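Hello,

Here is the structure I promised to hand over. My notes follow below it.

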Amino acid sequence: MNILAELRARFTAALATLTDDPGPFAAMVRPAQDAKFGDFQANCAMPLAKQLGKPPRDVAQEIVAALKVADLCAPAEVAGPGFINLRLRDDWLQSTVNRTVGDGQLGVEPLAQPRRYVVDFSSPNVAKPMHVGHLRSTVIGDALVRILRALGHSVVSDNHIGDWGTQFGMIIYGYKHFLDAAAYKRAPVAELARLYRLVNTLSEYHEARNALPELEATLATRQKAVVDCESQADLDPKQKKKQLKKLRSDFTAAEDNLTSARKKIADVEGDPQLKTAADAHPNIARGARDETAKLHAGDEENLRLWNEFVPQCLAALEKIYQRLEIRFDLALGESHYQPQLATVVENLKSDGLATESDGALCVFVEGNKAPLIVRKTDGAFTYGTTDLATIAYRETELKADAILYVVDARQSEHFDLLFATARKWGYGDTEFKHVSFGTVMGEDGRPFKTRAGDSVGLESLLDEAVAAARRVVDENDDAKRDQHDQPAPELDEQARQAVAEVVGIGGIKYADLRHNRESDYIFSWDKMLAKNGDTATYMQYAYARICGIFRKGDVDRESLRDRTDAIRLTKPAERALALQLCRFPDALAAVAEDYRPNMLTQYLFETANVLSTFYEQCPVLKAEDEATRTSRLLLVDLTGRIIEHGLSLLGFPFPKQM
């Protein structure tokens, strides 16, 4: 049972006697922050009292009088200015936790109205190696797929791969002009990535050279604006401070743009080979665009190359996904929708939604300055066109009720325009959600980069995580001692490496998922692999300790679970652990409420902490009698099952021994 949802439903019924809109007030029922206030607390009387013009305590008393929770809770208490405190009945809690022991779903009940979700996540460009920027989309999206399925929804995971865009024009141009045939034969994907980087570097060099005079002029203008403002004595001090802040921010942005351009120029001109290539290809950006246009027009040679490149790139991506233990139901790239784009544009025109503006075909959305461009002035289609074709496919073929796009926050404007256009186009009944997320930062507070300033490759990040975890595993296993205080390591070489792989990759995933997805976070190796605090390692050790108890006691966990009425809650720590375990369905529902996996990591961390307190206060294997021992073993086993299932829903395995 979702206890929180049930209590909110009961409050909704009680509040309906006082307000026409009880929902927002019922949502104020939450788990109590301090056990001395009970198990749950409702703070809705105070804001409702303002609407009703009554004293908050009186309103709270009216709510309690109408509230029907006697089957779940002890009588509700009104405290302070109008807080309503609730404590679950001990017999109800004991009965519920015993039922959960025999429930394969661990208390998660079937949905009355399951939905059909399509979750769009990861979505790399196949022409480029995956980097740390893909990490958040990939692990957040995978966790949401798993959790929504666990709740009973029908979910299609879709990797909308970039396999048709301008990056292929850049690779084809590079292949035709800069190919190292031996390197391509030896490691084709690495060579294609090198060609992409080379063409991109040369294109950016020429762009920076052309933009340099304007960038220098902009910097000088903004510097003068700062100096002029500083010298104005007649400005109001507050206004002057505000104006200077804006001007200095503009100056810093211009300075950063100029510094970036100069670096791009210096990097090429400081390398004789790059400079020679740049001089020989002054129009390389246009050449790459031409190759893209030829590909899209069906040029035989470019299509042949595309068909040669794509399978190799997809195989390289699949290695990463296998290592992360991520699977997709669909991997329909941009190329899948290419034949439909002209029809999409014609439909938008015939529906009166798309109009011409400066030679381009656009959909204008009220409240947005920029339109959604669906066909450029040169006749090329855009990402927006492809995204509309994708929505049509997901509605028509996949029967989606909701489509989630797990994409970084910088794309917010695009999705606002896309969703508004889709609704105008007739898809108003579908939930569209941009599940946005922040940036992975280095410990210097800047986006996580290599020492050379490049984006960190995802494969190398995983390798480094496993290597760091292996050092921790070796240190911990080598430190183990026997009863005679002699070294007694438990893991052989193969086992150590297997644990390191699980701990390292699990640590990477958990470190990402534990943060509010909309926040930037600082990536720290030490914090990621710490045995204490909210980390994967702490959770993995908690689970390994549970498994260790059953090994030490030689207890068969499967046969133990036949005792579905044996848990007895006689100590506060036992009750606290049982309550926490019964909140597992609440935690999953909290994730689905706004698609935030950190609600589950928070729950699991709290569960591990409650378990630790339980260990301190309630001996398990050495319990005072057999009935108490069995009861506590069942509580520990159920905790292990919930941690195991919860971590699996976050997308990573864990060792039973560490």
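**Leu-198 and its helix**

Leu-198 sits in helix 9, residues 188-231. Helices here are DSSP runs (H or I, at least four residues), numbered from the N terminus. The model is predicted: local features need pLDDT of at least 70, side-chain atom pairs count only at pLDDT 80 or more, and totals for chains, interfaces and linings use all residues. Residues are numbered from 1 along each chain as its sequence is written, and side-chain values use heavy atoms, leaving out hydrogens and water.

Leu-198 has a relative accessible area of 13%, so it is buried (under 20%; exposed is over 50%, partly exposed in between; 1.4 Å probe, protein chains only). Setting aside neighbours within four places in sequence, Leu-198 is in contact (heavy atoms within 4.5 Å) with Phe-178 and Leu-274.

**Helix 9 against helix 10**

The axes of helix 9 and helix 10 (residues 237-269) come within 7 Å and cross at roughly 155°. Axes are lines fitted to C-alpha atoms over the stretch in contact, with angles from 0 to 180 degrees between N-to-C directions. The two helices are therefore roughly antiparallel (over 145 degrees).

**Salt bridges**

A salt bridge is a side-chain nitrogen of Lys or Arg within 4 Å of a carboxyl oxygen of Asp or Glu. The count comes to 51. Asp-91 and Arg-89 form one of them, with the closest N and O atoms 2.6 Å apart. Asp-91 is partly exposed at 45% relative accessibility, and Arg-89 is partly exposed at 30%. Glu-558 pairs with Arg-561 at 3.1 Å, N to O. Glu-558 is exposed, at 55%.

Best wishes

Notes:
Parallel < 35°, antiparallel > 145°, perpendicular 65-115°, else oblique.
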